[in-house]
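Here is a short report on local geometry and contacts. Please read it alongside the sequence and the model.

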Amino acid sequence: MRFSKMFLPTLKDAPSDAEVISHRLMVRAGMIRKVASGIYNYLPLGLRVIRKVENIVREEMNRAGAQEVSMPMVIPSELWQESGRWDVYGKELLRIKDRHQRGFCLGPTHEEVITDMVRREIRSYRELPINLYQIQTKFRDEIRPRFGLMRGREFIMKDAYSFHATEEDAEKEYQNMYDTYCRIFERCGLKFRAVEAETGPIGGRFSHEFMVLAATGEDSIASCSKCNYAANVERAETKIEGLGVKGQEEKRPLEKISTPGMKTVDEVSKFLKTIPQKLIKTLIYNSDKGVVAALVRGDYEINETKLKRTLDAEWLNLADEETVRKITNAPSGFAGPVGLPTKIFADYSIQTVVNAVTGANEADAHLVNVNPDLNFTVSSFGDLRMVVAGDLCPRCTDGKLEIFRGIEVGHVFKLGTKYSEAMNASFLNEKGEEKPLIMGCYGIGIGRTAAASIEQNHDEHGILWPMALAPFQVHLIPVNVKDKATLDAAENIYTNLLNAGLDVLMDDRDERAGIKFNDADIIGIPIRLTIGNKTLKENRVELKMRNRQEASLVKLDDVAKRVRIEARQFWNIS
(Lines give C-alpha, C1' and ligand atoms only; values in the text may rest on other atoms or scores of the structure.)
Protein backbone atom coordinates (compact mmCIF):
# COMPACT_ATOMS: atom_id res chain seq x y z
CA MET A 1 0.00 0.00 0.00
CA ARG A 2 1.20 3.48 -0.82
CA PHE A 3 0.95 6.07 1.94
CA SER A 4 -0.08 8.73 -0.59
CA LYS A 5 -3.13 6.66 -1.59
CA MET A 6 -4.11 5.52 1.89
CA PHE A 7 -6.63 7.24 4.14
CA LEU A 8 -4.20 7.57 7.05
CA PRO A 9 -4.64 10.91 8.88
CA THR A 10 -1.94 10.87 11.56
CA LEU A 11 -1.96 13.55 14.26
CA LYS A 12 0.81 15.31 16.13
CA ASP A 13 -1.27 15.60 19.32
CA ALA A 14 -3.83 13.32 20.96
CA PRO A 15 -7.38 14.51 21.77
CA SER A 16 -7.90 15.92 25.26
CA ASP A 17 -10.39 13.17 26.21
CA ALA A 18 -7.90 10.35 25.55
CA GLU A 19 -7.03 9.02 29.01
CA VAL A 20 -4.92 5.92 28.24
CA ILE A 21 -2.00 5.34 25.91
CA SER A 22 -3.85 3.00 23.53
CA HIS A 23 -6.61 5.58 22.98
CA ARG A 24 -4.08 8.37 22.40
CA LEU A 25 -1.93 6.35 20.01
CA MET A 26 -4.82 4.83 18.04
CA VAL A 27 -6.13 8.33 17.36
CA ARG A 28 -2.69 9.77 16.58
CA ALA A 29 -1.83 6.82 14.31
CA GLY A 30 -4.99 7.42 12.25
CA MET A 31 -6.62 4.14 13.31
CA ILE A 32 -9.89 5.34 14.86
CA ARG A 33 -12.04 8.46 15.05
CA LYS A 34 -14.79 9.22 17.52
CA VAL A 35 -18.39 9.41 16.23
CA ALA A 36 -20.13 9.72 19.61
CA SER A 37 -19.34 8.84 23.21
CA GLY A 38 -18.00 5.27 23.17
CA ILE A 39 -18.65 4.85 19.42
CA TYR A 40 -15.84 4.93 16.85
CA ASN A 41 -15.10 4.70 13.16
CA TYR A 42 -12.36 2.22 12.26
CA LEU A 43 -10.14 3.82 9.65
CA PRO A 44 -8.21 1.61 7.17
CA LEU A 45 -5.10 1.20 9.34
CA GLY A 46 -7.17 0.34 12.41
CA LEU A 47 -9.39 -2.05 10.49
CA ARG A 48 -6.33 -3.93 9.22
CA VAL A 49 -5.32 -4.60 12.83
CA ILE A 50 -8.89 -5.63 13.74
CA ARG A 51 -8.91 -8.05 10.82
CA LYS A 52 -5.58 -9.52 11.95
CA VAL A 53 -7.09 -10.25 15.38
CA GLU A 54 -10.27 -11.64 13.81
CA ASN A 55 -8.31 -13.95 11.50
CA ILE A 56 -6.31 -15.43 14.37
CA VAL A 57 -9.47 -15.93 16.41
CA ARG A 58 -11.33 -17.47 13.45
CA GLU A 59 -8.50 -19.84 12.58
CA GLU A 60 -8.15 -21.10 16.14
CA MET A 61 -11.90 -21.42 16.73
CA ASN A 62 -12.26 -23.41 13.51
CA ARG A 63 -9.28 -25.54 14.52
CA ALA A 64 -11.01 -26.23 17.85
CA GLY A 65 -14.10 -27.55 16.06
CA ALA A 66 -16.41 -24.54 16.43
CA GLN A 67 -18.61 -23.41 13.54
CA GLU A 68 -19.20 -19.79 12.55
CA VAL A 69 -22.70 -18.32 12.37
CA SER A 70 -24.09 -14.79 12.27
CA MET A 71 -26.88 -13.53 14.51
CA PRO A 72 -28.78 -10.22 14.44
CA MET A 73 -27.72 -7.25 16.54
CA VAL A 74 -31.37 -6.24 17.07
CA ILE A 75 -33.08 -8.76 19.36
CA PRO A 76 -36.81 -9.03 20.20
CA SER A 77 -37.61 -8.34 23.84
CA GLU A 78 -39.58 -11.59 24.12
CA LEU A 79 -36.39 -13.64 24.13
CA TRP A 80 -34.87 -11.58 26.94
CA GLN A 81 -38.11 -11.71 28.90
CA GLU A 82 -38.12 -15.47 28.48
CA SER A 83 -34.64 -15.79 29.98
CA GLY A 84 -35.52 -13.38 32.79
CA ARG A 85 -32.79 -10.88 31.94
CA TRP A 86 -34.98 -8.14 30.45
CA ASP A 87 -35.67 -6.60 33.86
CA VAL A 88 -32.40 -7.41 35.64
CA TYR A 89 -29.66 -6.65 33.09
CA GLY A 90 -29.75 -2.95 33.88
CA LYS A 91 -29.43 0.27 31.91
CA GLU A 92 -26.55 -1.09 29.83
CA LEU A 93 -29.23 -2.86 27.80
CA LEU A 94 -30.36 -0.36 25.16
CA ARG A 95 -34.06 -0.96 24.70
CA ILE A 96 -35.80 0.29 21.53
CA LYS A 97 -39.20 0.00 19.83
CA ASP A 98 -40.04 -0.41 16.16
CA ARG A 99 -42.83 1.39 14.27
CA HIS A 100 -45.35 -1.13 15.61
CA GLN A 101 -44.26 -0.39 19.20
CA ARG A 102 -42.78 -3.86 19.60
CA GLY A 103 -39.87 -4.05 22.04
CA PHE A 104 -36.32 -4.85 20.98
CA CYS A 105 -32.81 -4.37 22.34
CA LEU A 106 -29.38 -3.93 20.81
CA GLY A 107 -27.55 -7.12 21.66
CA PRO A 108 -24.85 -6.81 24.33
CA THR A 109 -24.45 -10.60 24.20
CA HIS A 110 -26.36 -13.39 22.46
CA GLU A 111 -27.21 -16.19 24.91
CA GLU A 112 -30.93 -15.81 24.28
CA VAL A 113 -30.67 -15.76 20.50
CA ILE A 114 -28.36 -18.77 20.25
CA THR A 115 -30.45 -20.75 22.74
CA ASP A 116 -33.56 -20.02 20.68
CA MET A 117 -31.74 -21.03 17.50
CA VAL A 118 -30.55 -24.35 18.92
CA ARG A 119 -33.79 -25.32 20.68
CA ARG A 120 -35.59 -25.07 17.33
CA GLU A 121 -33.17 -27.48 15.63
CA ILE A 122 -31.55 -29.84 18.14
CA ARG A 123 -33.71 -32.81 19.18
CA SER A 124 -31.41 -35.65 20.18
CA TYR A 125 -28.22 -36.33 22.09
CA ARG A 126 -26.88 -37.67 18.78
CA GLU A 127 -26.71 -34.08 17.49
CA LEU A 128 -24.53 -33.00 20.43
CA PRO A 129 -22.10 -31.53 21.26
CA ILE A 130 -22.05 -28.40 19.13
CA ASN A 131 -20.13 -25.13 19.42
CA LEU A 132 -21.31 -22.11 17.42
CA TYR A 133 -19.56 -18.73 17.29
CA GLN A 134 -19.81 -15.36 15.60
CA ILE A 135 -17.66 -12.23 15.26
CA GLN A 136 -20.10 -9.35 15.45
CA THR A 137 -20.79 -5.84 16.72
CA LYS A 138 -22.27 -5.55 20.21
CA PHE A 139 -23.73 -2.59 22.08
CA ARG A 140 -23.71 -1.92 25.83
CA ASP A 141 -24.88 1.48 27.01
CA GLU A 142 -22.00 2.06 29.43
CA ILE A 143 -22.66 4.80 31.98
CA ARG A 144 -19.17 6.19 31.39
CA PRO A 145 -17.56 5.08 28.14
CA ARG A 146 -13.82 5.67 28.35
CA PHE A 147 -10.39 4.56 27.23
CA GLY A 148 -11.25 4.38 23.52
CA LEU A 149 -11.77 0.78 22.40
CA MET A 150 -11.08 -0.48 25.91
CA ARG A 151 -14.53 0.46 27.21
CA GLY A 152 -16.73 1.61 24.38
CA ARG A 153 -20.46 1.31 23.96
CA GLU A 154 -20.28 -0.26 20.50
CA PHE A 155 -17.59 -2.91 20.09
CA ILE A 156 -16.61 -5.99 18.09
CA MET A 157 -16.74 -9.28 19.94
CA LYS A 158 -16.25 -12.95 19.21
CA ASP A 159 -18.88 -14.84 21.18
CA ALA A 160 -19.23 -18.63 21.12
CA TYR A 161 -21.78 -20.93 22.74
CA SER A 162 -21.54 -24.69 23.22
CA PHE A 163 -24.33 -27.18 23.93
CA HIS A 164 -23.89 -30.56 25.58
CA ALA A 165 -25.74 -33.63 26.79
CA THR A 166 -23.55 -34.25 29.86
CA GLU A 167 -21.57 -32.29 32.43
CA GLU A 168 -18.47 -34.29 31.50
CA ASP A 169 -18.75 -33.21 27.89
CA ALA A 170 -19.31 -29.57 28.90
CA GLU A 171 -16.17 -29.73 31.08
CA LYS A 172 -14.21 -31.14 28.15
CA GLU A 173 -15.30 -28.29 25.85
CA TYR A 174 -14.56 -25.70 28.54
CA GLN A 175 -10.98 -26.98 28.64
CA ASN A 176 -10.88 -27.04 24.84
CA MET A 177 -11.88 -23.36 24.73
CA TYR A 178 -9.46 -22.52 27.55
CA ASP A 179 -6.61 -24.06 25.55
CA THR A 180 -7.84 -22.37 22.36
CA TYR A 181 -7.80 -18.97 24.05
CA CYS A 182 -4.25 -19.57 25.23
CA ARG A 183 -3.22 -20.27 21.63
CA ILE A 184 -5.06 -17.18 20.37
CA PHE A 185 -3.37 -14.76 22.76
CA GLU A 186 0.01 -16.43 22.33
CA ARG A 187 -0.32 -15.96 18.56
CA CYS A 188 -1.26 -12.32 19.15
CA GLY A 189 2.10 -11.88 20.89
CA LEU A 190 0.57 -10.90 24.23
CA LYS A 191 1.75 -11.51 27.79
CA PHE A 192 -1.38 -12.72 29.59
CA ARG A 193 -2.73 -14.72 32.52
CA ALA A 194 -5.88 -16.82 32.76
CA VAL A 195 -7.51 -16.03 36.11
CA GLU A 196 -10.54 -17.29 38.02
CA ALA A 197 -13.33 -14.74 37.76
CA GLU A 198 -16.91 -13.82 38.55
CA THR A 199 -19.59 -14.56 35.96
CA GLY A 200 -21.39 -11.19 36.24
CA PRO A 201 -24.65 -10.61 34.34
CA ILE A 202 -23.87 -13.48 31.93
CA GLY A 203 -24.50 -15.92 34.79
CA GLY A 204 -23.25 -19.45 35.21
CA ARG A 205 -21.30 -21.36 37.80
CA PHE A 206 -17.66 -20.71 37.00
CA SER A 207 -15.46 -18.70 34.66
CA HIS A 208 -11.95 -17.65 33.72
CA GLU A 209 -10.88 -14.25 32.46
CA PHE A 210 -7.91 -13.87 30.15
CA MET A 211 -5.97 -10.82 31.26
CA VAL A 212 -3.29 -8.99 29.31
CA LEU A 213 -0.76 -7.76 31.87
CA ALA A 214 -0.35 -3.98 31.67
CA ALA A 215 0.27 -1.25 34.22
CA THR A 216 -2.69 0.72 32.85
CA GLY A 217 -5.14 -2.18 33.24
CA GLU A 218 -8.56 -1.50 34.74
CA ASP A 219 -8.64 -4.79 36.65
CA SER A 220 -6.54 -6.08 39.52
CA ILE A 221 -5.26 -9.65 39.46
CA ALA A 222 -4.12 -11.66 42.45
CA SER A 223 -1.45 -14.20 41.55
CA CYS A 224 0.45 -16.65 43.76
CA SER A 225 4.20 -16.26 44.05
CA LYS A 226 4.69 -20.05 44.18
CA CYS A 227 1.93 -21.85 42.27
CA ASN A 228 -0.31 -21.23 39.24
CA TYR A 229 -3.24 -19.82 41.22
CA ALA A 230 -4.50 -16.52 39.78
CA ALA A 231 -7.84 -14.76 40.11
CA ASN A 232 -9.51 -11.45 39.52
CA VAL A 233 -9.56 -9.65 42.88
CA GLU A 234 -13.37 -9.84 42.82
CA ARG A 235 -12.98 -13.62 42.96
CA ALA A 236 -9.62 -14.04 44.71
CA GLU A 237 -9.55 -15.94 47.98
CA THR A 238 -7.05 -16.27 50.81
CA LYS A 239 -6.47 -18.84 53.49
CA ILE A 240 -8.52 -18.36 56.64
CA GLU A 241 -5.35 -19.04 58.62
CA GLY A 242 -3.07 -16.06 58.72
CA LEU A 243 -5.81 -13.45 58.49
CA GLY A 244 -4.50 -12.07 61.74
CA VAL A 245 -3.54 -13.38 65.17
CA LYS A 246 -6.31 -13.15 67.71
CA GLY A 247 -5.32 -10.90 70.55
CA GLN A 248 -4.49 -12.49 73.90
CA GLU A 249 -5.73 -9.54 75.93
CA GLU A 250 -8.58 -9.95 78.36
CA LYS A 251 -11.98 -8.82 77.14
CA ARG A 252 -12.91 -5.51 78.73
CA PRO A 253 -16.31 -3.95 79.44
CA LEU A 254 -18.11 -2.17 76.60
CA GLU A 255 -17.69 1.61 76.67
CA LYS A 256 -19.05 4.48 74.58
CA ILE A 257 -16.72 7.36 73.68
CA SER A 258 -17.49 10.70 72.07
CA THR A 259 -15.85 11.03 68.64
CA PRO A 260 -17.18 14.31 67.24
CA GLY A 261 -16.98 14.39 63.45
CA MET A 262 -14.76 11.30 63.32
CA LYS A 263 -16.12 8.98 60.61
CA THR A 264 -13.27 7.36 58.68
CA VAL A 265 -11.01 4.57 59.88
CA ASP A 266 -7.97 6.89 59.81
CA GLU A 267 -9.76 9.64 61.74
CA VAL A 268 -11.07 7.30 64.44
CA SER A 269 -7.76 5.40 64.74
CA LYS A 270 -5.79 8.60 65.30
CA PHE A 271 -8.37 10.08 67.66
CA LEU A 272 -8.48 6.94 69.85
CA LYS A 273 -4.74 6.27 69.47
CA THR A 274 -5.25 2.77 68.13
CA ILE A 275 -4.56 0.90 64.87
CA PRO A 276 -6.95 0.21 61.94
CA GLN A 277 -6.74 -3.54 62.68
CA LYS A 278 -8.65 -2.88 65.92
CA LEU A 279 -11.59 -1.29 64.11
CA ILE A 280 -14.62 -3.06 62.70
CA LYS A 281 -16.22 -1.35 59.72
CA THR A 282 -20.00 -1.77 59.49
CA LEU A 283 -21.57 -1.27 56.09
CA ILE A 284 -25.33 -1.28 55.48
CA TYR A 285 -26.62 -2.72 52.18
CA ASN A 286 -29.93 -2.91 50.39
CA SER A 287 -30.52 -6.13 48.43
CA ASP A 288 -33.30 -8.30 47.10
CA LYS A 289 -32.75 -10.34 50.29
CA GLY A 290 -33.51 -7.27 52.43
CA VAL A 291 -31.33 -4.83 54.35
CA VAL A 292 -28.17 -6.46 55.76
CA ALA A 293 -25.04 -5.37 57.58
CA ALA A 294 -21.55 -6.45 56.48
CA LEU A 295 -18.52 -6.32 58.77
CA VAL A 296 -14.87 -6.19 57.81
CA ARG A 297 -11.72 -5.31 59.75
CA GLY A 298 -10.66 -1.68 59.56
CA ASP A 299 -7.57 -2.27 57.43
CA TYR A 300 -9.49 -4.26 54.80
CA GLU A 301 -12.10 -3.44 52.16
CA ILE A 302 -15.38 -5.26 51.69
CA ASN A 303 -15.76 -7.31 48.50
CA GLU A 304 -19.33 -6.67 47.38
CA THR A 305 -19.20 -9.48 44.83
CA LYS A 306 -18.39 -12.01 47.55
CA LEU A 307 -21.10 -10.55 49.80
CA LYS A 308 -23.64 -10.81 46.99
CA ARG A 309 -22.65 -14.43 46.41
CA THR A 310 -22.90 -15.19 50.14
CA LEU A 311 -26.41 -13.74 50.24
CA ASP A 312 -27.32 -15.47 46.94
CA ALA A 313 -28.69 -12.05 45.96
CA GLU A 314 -29.69 -10.90 42.49
CA TRP A 315 -28.70 -7.32 43.31
CA LEU A 316 -26.87 -5.48 46.08
CA ASN A 317 -26.31 -1.75 46.67
CA LEU A 318 -24.72 0.27 49.45
CA ALA A 319 -27.63 1.75 51.40
CA ASP A 320 -28.47 5.43 50.99
CA GLU A 321 -28.36 7.93 53.86
CA GLU A 322 -32.07 7.58 54.59
CA THR A 323 -31.84 3.80 54.96
CA VAL A 324 -28.71 4.05 57.12
CA ARG A 325 -30.47 6.49 59.50
CA LYS A 326 -33.55 4.27 59.64
CA ILE A 327 -31.53 1.17 60.54
CA THR A 328 -28.86 2.68 62.81
CA ASN A 329 -30.52 5.85 64.15
CA ALA A 330 -27.33 7.65 63.14
CA PRO A 331 -25.76 9.30 60.08
CA SER A 332 -23.38 7.39 57.84
CA GLY A 333 -19.98 6.84 59.44
CA PHE A 334 -21.25 5.84 62.87
CA ALA A 335 -22.85 2.44 62.19
CA GLY A 336 -21.89 -0.50 64.38
CA PRO A 337 -23.05 -4.09 64.92
CA VAL A 338 -24.17 -3.73 68.54
CA GLY A 339 -27.96 -3.58 68.69
CA LEU A 340 -28.49 -3.62 64.90
CA PRO A 341 -31.94 -4.96 63.92
CA THR A 342 -30.61 -6.58 60.71
CA LYS A 343 -28.82 -9.80 59.88
CA ILE A 344 -25.06 -9.39 60.21
CA PHE A 345 -22.57 -11.02 57.83
CA ALA A 346 -18.92 -10.77 58.85
CA ASP A 347 -15.60 -11.43 57.19
CA TYR A 348 -13.39 -14.08 58.81
CA SER A 349 -10.99 -11.32 59.86
CA ILE A 350 -13.53 -10.17 62.49
CA GLN A 351 -12.90 -13.40 64.40
CA THR A 352 -9.35 -12.23 65.19
CA VAL A 353 -10.34 -8.89 66.71
CA VAL A 354 -10.54 -8.51 70.53
CA ASN A 355 -11.80 -5.33 72.21
CA ALA A 356 -12.63 -3.76 68.87
CA VAL A 357 -13.77 -0.24 68.05
CA THR A 358 -17.07 0.18 66.19
CA GLY A 359 -19.62 2.86 65.49
CA ALA A 360 -22.12 3.36 68.34
CA ASN A 361 -25.19 3.79 66.09
CA GLU A 362 -25.26 7.30 67.44
CA ALA A 363 -23.98 10.52 65.91
CA ASP A 364 -20.44 11.49 66.99
CA ALA A 365 -19.93 8.37 69.10
CA HIS A 366 -18.05 5.07 68.93
CA LEU A 367 -17.95 1.96 71.11
CA VAL A 368 -14.70 0.45 72.36
CA ASN A 369 -14.09 -3.05 73.72
CA VAL A 370 -16.60 -4.60 71.33
CA ASN A 371 -16.33 -8.39 70.98
CA PRO A 372 -18.19 -10.73 68.63
CA ASP A 373 -20.63 -13.16 70.29
CA LEU A 374 -20.34 -11.27 73.55
CA ASN A 375 -21.73 -7.96 72.31
CA PHE A 376 -23.40 -8.91 69.02
CA THR A 377 -24.34 -11.98 67.02
CA VAL A 378 -23.10 -12.74 63.52
CA SER A 379 -25.50 -14.59 61.23
CA SER A 380 -22.66 -15.96 59.14
CA PHE A 381 -18.88 -15.66 58.86
CA GLY A 382 -17.27 -15.91 55.43
CA ASP A 383 -14.64 -14.65 53.01
CA LEU A 384 -16.07 -11.18 52.34
CA ARG A 385 -13.04 -8.98 51.82
CA MET A 386 -10.75 -7.89 49.02
CA VAL A 387 -7.43 -9.70 49.09
CA VAL A 388 -4.24 -7.67 49.50
CA ALA A 389 -0.62 -8.29 48.54
CA GLY A 390 0.98 -10.66 51.02
CA ASP A 391 -2.16 -12.70 51.77
CA LEU A 392 -1.58 -16.45 51.90
CA CYS A 393 -2.40 -18.41 48.74
CA PRO A 394 -5.56 -20.53 49.11
CA ARG A 395 -4.14 -23.32 46.91
CA CYS A 396 -0.58 -24.03 48.07
CA THR A 397 1.33 -24.22 51.34
CA ASP A 398 3.80 -21.34 51.29
CA GLY A 399 2.81 -19.03 48.44
CA LYS A 400 1.75 -15.42 48.94
CA LEU A 401 -0.49 -13.34 46.72
CA GLU A 402 0.91 -10.60 44.50
CA ILE A 403 -1.29 -7.96 42.88
CA PHE A 404 -0.95 -7.05 39.20
CA ARG A 405 -2.92 -4.86 36.81
CA GLY A 406 -4.56 -6.41 33.79
CA ILE A 407 -6.90 -5.81 30.86
CA GLU A 408 -9.63 -8.37 30.28
CA VAL A 409 -9.61 -9.51 26.65
CA GLY A 410 -11.39 -12.85 26.93
CA HIS A 411 -13.79 -14.71 29.20
CA VAL A 412 -14.94 -18.34 29.27
CA PHE A 413 -18.03 -19.39 31.25
CA LYS A 414 -19.65 -22.58 32.44
CA LEU A 415 -23.30 -21.62 32.03
CA GLY A 416 -24.84 -24.97 32.94
CA THR A 417 -28.61 -24.95 32.38
CA LYS A 418 -29.30 -21.30 33.30
CA TYR A 419 -30.65 -20.38 29.86
CA SER A 420 -31.81 -23.76 28.62
CA GLU A 421 -34.11 -24.30 31.61
CA ALA A 422 -35.50 -20.75 31.44
CA MET A 423 -36.11 -21.04 27.69
CA ASN A 424 -37.11 -24.71 27.57
CA ALA A 425 -34.21 -25.75 25.35
CA SER A 426 -34.06 -29.51 25.75
CA PHE A 427 -33.05 -32.75 24.04
CA LEU A 428 -33.83 -36.45 24.34
CA ASN A 429 -31.10 -38.53 25.96
CA GLU A 430 -30.23 -42.20 25.30
CA LYS A 431 -33.20 -43.31 27.42
CA GLY A 432 -35.62 -41.05 25.59
CA GLU A 433 -35.82 -38.69 28.56
CA GLU A 434 -36.16 -34.96 27.99
CA LYS A 435 -33.25 -33.05 29.55
CA PRO A 436 -32.14 -29.39 29.48
CA LEU A 437 -29.13 -28.61 27.29
CA ILE A 438 -25.93 -27.90 29.22
CA MET A 439 -24.22 -24.77 27.93
CA GLY A 440 -20.89 -22.99 27.83
CA CYS A 441 -20.12 -19.43 26.70
CA TYR A 442 -16.84 -18.00 25.41
CA GLY A 443 -16.12 -14.36 24.51
CA ILE A 444 -13.18 -12.33 23.16
CA GLY A 445 -13.11 -8.55 22.76
CA ILE A 446 -11.57 -8.00 19.33
CA GLY A 447 -11.00 -4.25 19.66
CA ARG A 448 -9.95 -4.63 23.29
CA THR A 449 -7.31 -7.16 22.23
CA ALA A 450 -5.85 -4.67 19.74
CA ALA A 451 -5.93 -1.85 22.32
CA ALA A 452 -4.46 -4.09 25.02
CA SER A 453 -1.58 -4.95 22.71
CA ILE A 454 -0.75 -1.23 22.47
CA GLU A 455 -0.97 -0.82 26.25
CA GLN A 456 1.59 -3.60 26.56
CA ASN A 457 3.74 -2.68 23.54
CA HIS A 458 4.64 0.99 23.16
CA ASP A 459 7.37 3.50 23.94
CA GLU A 460 7.55 7.29 24.19
CA HIS A 461 7.43 7.59 20.39
CA GLY A 462 4.48 5.37 19.53
CA ILE A 463 3.22 1.82 19.05
CA LEU A 464 5.41 -1.32 19.00
CA TRP A 465 3.20 -3.82 17.17
CA PRO A 466 3.80 -7.56 17.54
CA MET A 467 4.29 -8.96 14.06
CA ALA A 468 1.03 -10.94 14.17
CA LEU A 469 -1.13 -7.84 14.73
CA ALA A 470 0.82 -5.21 12.82
CA PRO A 471 -1.21 -3.51 10.08
CA PHE A 472 1.81 -3.97 7.81
CA GLN A 473 5.01 -5.94 8.33
CA VAL A 474 7.35 -3.51 6.58
CA HIS A 475 7.41 0.30 6.45
CA LEU A 476 9.40 1.38 3.39
CA ILE A 477 10.62 4.99 3.46
CA PRO A 478 12.31 6.59 0.45
CA VAL A 479 13.70 9.76 2.05
CA ASN A 480 13.55 11.94 -1.08
CA VAL A 481 10.93 10.84 -3.61
CA LYS A 482 12.02 13.64 -5.99
CA ASP A 483 15.34 11.85 -6.44
CA LYS A 484 14.81 9.41 -9.32
CA ALA A 485 17.43 6.89 -8.17
CA THR A 486 15.92 6.77 -4.67
CA LEU A 487 12.36 6.38 -5.96
CA ASP A 488 13.36 3.72 -8.51
CA ALA A 489 15.14 1.71 -5.83
CA ALA A 490 12.13 2.03 -3.52
CA GLU A 491 9.75 0.87 -6.27
CA ASN A 492 11.95 -2.14 -6.98
CA ILE A 493 12.19 -3.12 -3.31
CA TYR A 494 8.44 -2.55 -2.86
CA THR A 495 7.62 -4.92 -5.73
CA ASN A 496 10.08 -7.58 -4.51
CA LEU A 497 8.69 -7.53 -0.99
CA LEU A 498 5.10 -7.78 -2.21
CA ASN A 499 6.09 -10.70 -4.45
CA ALA A 500 7.66 -12.33 -1.39
CA GLY A 501 4.26 -12.26 0.30
CA LEU A 502 4.97 -9.44 2.75
CA ASP A 503 2.59 -6.63 3.76
CA VAL A 504 4.32 -3.34 2.90
CA LEU A 505 3.44 0.31 3.44
CA MET A 506 5.59 2.57 1.27
CA ASP A 507 5.72 6.21 2.33
CA ASP A 508 5.86 7.78 -1.10
CA ARG A 509 4.79 11.23 0.13
CA ASP A 510 6.75 14.30 -0.77
CA GLU A 511 7.38 15.18 2.90
CA ARG A 512 10.39 15.94 5.08
CA ALA A 513 12.24 12.92 6.44
CA GLY A 514 11.41 13.94 10.03
CA ILE A 515 7.69 13.82 9.35
CA LYS A 516 7.98 10.38 7.76
CA PHE A 517 10.07 8.99 10.64
CA ASN A 518 7.71 10.43 13.27
CA ASP A 519 4.71 8.87 11.55
CA ALA A 520 6.59 5.57 11.28
CA ASP A 521 7.26 5.58 15.03
CA ILE A 522 3.65 6.44 15.89
CA ILE A 523 2.22 3.74 13.58
CA GLY A 524 4.68 1.16 14.92
CA ILE A 525 5.18 -1.21 11.97
CA PRO A 526 7.83 -3.79 13.07
CA ILE A 527 10.37 -3.44 10.22
CA ARG A 528 11.47 -0.10 8.76
CA LEU A 529 13.51 0.17 5.57
CA THR A 530 14.97 3.60 4.81
CA ILE A 531 16.33 4.42 1.36
CA GLY A 532 18.54 7.50 1.27
CA ASN A 533 20.86 8.95 -1.32
CA LYS A 534 23.98 8.35 0.77
CA THR A 535 23.38 4.66 1.53
CA LEU A 536 22.07 4.05 -1.97
CA LYS A 537 25.42 5.10 -3.40
CA GLU A 538 26.86 2.21 -1.38
CA ASN A 539 24.20 -0.07 -2.87
CA ARG A 540 22.62 -0.46 0.58
CA VAL A 541 19.50 0.48 2.53
CA GLU A 542 19.01 0.97 6.25
CA LEU A 543 17.01 -1.68 8.16
CA LYS A 544 15.72 -0.90 11.62
CA MET A 545 13.42 -2.93 13.84
CA ARG A 546 10.85 -0.79 15.64
CA ASN A 547 11.63 -2.49 18.97
CA ARG A 548 15.41 -1.91 18.73
CA GLN A 549 17.58 1.18 18.94
CA GLU A 550 20.29 0.10 16.50
CA ALA A 551 19.97 -0.02 12.72
CA SER A 552 21.94 -1.98 10.13
CA LEU A 553 22.81 -1.62 6.47
CA VAL A 554 21.62 -4.27 4.02
CA LYS A 555 22.70 -4.83 0.42
CA LEU A 556 19.96 -4.09 -2.12
CA ASP A 557 20.06 -7.63 -3.47
CA ASP A 558 19.65 -9.08 0.02
CA VAL A 559 16.76 -6.93 1.24
CA ALA A 560 13.89 -9.41 0.69
CA LYS A 561 15.87 -12.29 2.20
CA ARG A 562 16.96 -10.24 5.23
CA VAL A 563 13.45 -8.91 5.83
CA ARG A 564 12.02 -12.44 5.83
CA ILE A 565 14.65 -13.49 8.38
CA GLU A 566 13.95 -10.50 10.62
CA ALA A 567 10.21 -11.05 10.31
CA ARG A 568 10.53 -14.67 11.45
CA GLN A 569 12.76 -13.71 14.37
CA PHE A 570 10.50 -10.84 15.36
CA TRP A 571 7.48 -13.14 15.15
CA ASN A 572 9.11 -15.62 17.52
CA ILE A 573 10.09 -13.03 20.17
CA SER A 574 7.01 -10.79 20.02
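The sections below cover the basis of the values, then selected sites.

## Basis

This is a predicted model: local features need pLDDT of at least 70, side-chain atom pairs count only at pLDDT 80 or more, and totals for chains, interfaces and linings use all residues. Residues are numbered from 1 along each chain as its sequence is written, and side-chain values use heavy atoms, with hydrogens and water left out.

## Aspartate 159

Aspartate 159 sits in strand β8, residues 154–164. Helices (H or I, at least four residues) and strands (E, at least two) are DSSP runs, numbered from the N terminus. Aspartate 159 is buried, because its relative accessibility is 0%. Buried means under 20% relative accessible area, exposed means over 50%, and partly exposed lies in between (1.4 Å probe, protein chains only).

Which side chains make polar contacts with the side chain of aspartate 159? One is lysine 138, at 2.9 Å. Another is tyrosine 161, at 2.6 Å. A polar contact is a pair of N or O atoms within 3.5 Å; within protein, one must be able to donate a hydrogen and the other to accept it, and residues adjacent in sequence count only if both atoms are side-chain atoms. Leaving aside neighbours within four places in sequence, aspartate 159 also has contacts (heavy atoms within 4.5 Å) that include His110, Leu132, Tyr442 and Gly443.

## A three-stranded sheet

Three strands form an open antiparallel sheet in the order β4-β6-β5. β4 (74–76) and β5 (95–97) are the edge strands; each has a single partner, so one side of each is left without a neighbour in the sheet. The twist averages 40° from one strand to the next. For such angles, axes are lines fitted to C-alpha atoms, for helices over the stretch in contact, and angles run from 0 to 180 degrees between N-to-C directions.

β4 pairs with β6 (residues 103–106) over three bridges, in the antiparallel sense. Strands pair if DSSP finds at least two bridges between them. Valine 74 has leucine 106 in β6 as its bridge partner.

## Aromatic rings and charges

The structure holds seven aromatic pairs. Tryptophan 80 and tyrosine 89 form an edge-to-face pair, 5.3 Å centre to centre with 85° between the planes. Phenylalanine 185 and phenylalanine 192 have ring centres 5.8 Å apart and planes at 55°, so this pair is tilted. Rings of Phe, Tyr and Trp (its six-membered ring) pair if their centres lie within 6.5 Å; planes under 30 degrees apart count as stacked, over 60 as edge-to-face and the rest as tilted.

Tryptophan 80 is buried at 0% relative accessible area, and tyrosine 89 is buried at 10%. Both phenylalanine 185 and phenylalanine 192 are buried. Ring pairs link Tyr178, Tyr181, Phe185, Phe192 and Phe210 into a cluster. The charged end of arginine 95 sits over the ring of tryptophan 86, 4.9 Å from its centre. A charge sits over a ring if NZ of Lys or CZ of Arg is within 6 Å of the ring centre and within 35 degrees of the ring normal.

## Backbone exceptions

Most residues other than glycine have a negative phi, and most peptide bonds are trans. The bond from leucine 128 to proline 129 is cis, with omega near 0°. Proline 129 lies in the loop between α4 (111–121) and β7 (130–139).

Lysine 273 has a positive phi, near 55°. Lysine 273 is exposed, at 76% relative accessibility. Asparagine 355 also has phi near 55°, but asparagine 355 is buried at 3%.
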